[in-house]
Amino acid sequence: MISGRATPEGTRRFAERSASAPAHFRTTMGGLSLSSIGLGTYLGGADANIDAGYEASIAVALASGVNVFDTAINYRGQKSERAIGRALAKAFTEGRAARDEVFVSTKGGYLPDDAEDPDRRPTRRYWKDTFIATGVAPEAEIAQGCHCISPGYLADQIERSRRNLGLDTIDLYYLHNVEAQLGEVGQTTFKKRLGAAVRRLEEAATDGWIAAWGLATWDGLRVPPEHPEHLSLAAILELAREIAGEGHHFRGVQLPFNLAMGEALGLRSQENGSERVSALDFASTSGLAAFGSASILQGRLAGELPDEIVDAFPKAETSAQQALQFSRSAPGMTAALVGASSVEHAEEDFALARVEPAAADTVLGLFR
């Protein structure tokens, strides 16, 4: 496996040689220079053509000044992780990038299939043989029939992701949609399970398997505190401090943010002392990097957009770029993630790296 991790020196080197616009790179997570647009790998079938498309798109991303790459072990039956691993290994070998220049995040929580299982077992049979019968995922701790964050299971998943990616150290490892647990077991059991998971993640960071950990959510940070699946960032930060002190490795969050799903900025979902603030506001004031998923809503925002949006982002030439410009320009956002499994789409999306992000007031004005 390839040693190293993203570093302040390496990511700054990448940023300095890229032909990107001012403010395209943001400094976060202890000095890392991360591009305001990142490549996501959720969509597509588990086939070789999509693999090739993602690998080609990663090459376009690197050439365009994009150094943020996001995936999850359950995406496309583990094939998205493997595609990123192959593409980055080739880029490192050919000298187009170095390991310390790129930032790679992945996620664990859902029971993954393996599209390359030599026995070609059905998904549930694979889960039973690989995780349940072996005791890796205790059956009593599997929520909704498919989600587990037990310490032993997380250790197994981190190791599988490291092998899939071919990397000694994962830069940011997310607990994936933990609200799936909360919605089933309630606050008391959830806090106990989350605490055990955080202890295991802190051990993984100490061992060098991961550099940092975070939460990747769909609903948990987009609903008010009264909602049964609400996640409190203040409470999770406090839990991290209880377990690992001020040197904890809780560093980032991921949540949907796009023209159709603006709650990350427009909804005051987080309690911060005596006031309520948005998730992006809380992340910004707490030193957490924030990554926006579904920036063009799986392509649904790549069609014709209202004149108000077009006029707000005149330097963005296409609908996909206008949607991305909205997401990456939001105050508090580190990087907006976009899926691109073809060179054509990658070139369109990542051309935005040469355009300066819009003013925060422009984004905020769209909420009024």
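Asp-156 counts as buried in this predicted model, because its relative accessibility is 18% and the cut-off for buried is under 20%. The residue sits in helix α5, which runs over residues 151–165. Leaving aside residues up to four places away in sequence, Asp-156 touches Phe-131 and Val-136.

Staying on that helix, please look at Arg-162, which is also placed in α5. Is Arg-162 buried or exposed? Arg-162 is buried, since its relative accessible area comes to 10%. Its contacts, again not counting residues up to four places away in sequence, are Met-1, Leu-167, Asp-168, Ile-170 and Trp-209. There is also a pairing across the sequence here: Arg-162 and Ile-210 are 48 residues apart along the chain, and their C-alpha atoms lie 9.0 Å apart in space.

Gln-144 lies in the loop between α4, residues 123–132, and α5. The phi angle of Gln-144 is near 55 degrees, which is a positive value in a residue other than glycine. Gln-144 counts as partly exposed because its relative accessibility is 47%.

A second residue of this kind is Ala-23. Phi of Ala-23 is near 70 degrees, again positive and again in a residue other than glycine. Where is Ala-23 found? Ala-23 is in the loop between α1, residues 8–17, and β1. With a relative accessibility of 45%, Ala-23 therefore counts as partly exposed.

Next, helix α12, residues 319–328. Why is α12 described as largely enclosed by the rest of the structure? Because 10 of the 10 residues of α12 are buried.

Helix α11 takes me to the last item, the charged surface. Which residues form the negative surface patch? The patch is formed by Glu-304, Asp-307, Glu-308 and Asp-311. Of these, Asp-311 is placed in helix α11, residues 307–312. Asp-311 counts as exposed because its relative accessibility is 59%.

Notes: Residues are numbered from 1 along each chain as its sequence is written. This is a predicted model: local features need pLDDT of at least 70, side-chain atom pairs count only at pLDDT 80 or more; totals for chains, interfaces and linings use all residues. Side-chain values use heavy atoms; hydrogens and water are left out. Patches are made of residues with over 30% relative accessible area and no salt bridge: like charges are joined within 9 Å, nonpolar side chains (Val, Leu, Ile, Met, Phe, Trp, Tyr) within 5 Å. Accessible areas come from the Shrake-Rupley method with a 1.4 Å probe; for residues, only the protein chains shown count as cover. A salt bridge is a side-chain nitrogen of Lys or Arg within 4 Å of a carboxyl oxygen of Asp or Glu. Lys and Arg count as positive and Asp and Glu as negative; His and the chain ends are not counted. The place of a charge is taken as NZ of Lys, CZ of Arg, CG of Asp or CD of Glu. Helices (H or I, at least four residues) and strands (E, at least two) are DSSP runs, numbered from the N terminus. Buried means under 20% relative accessible area, exposed over 50%, partly exposed in between (1.4 Å probe, protein chains only). Contact means heavy atoms within 4.5 Å.
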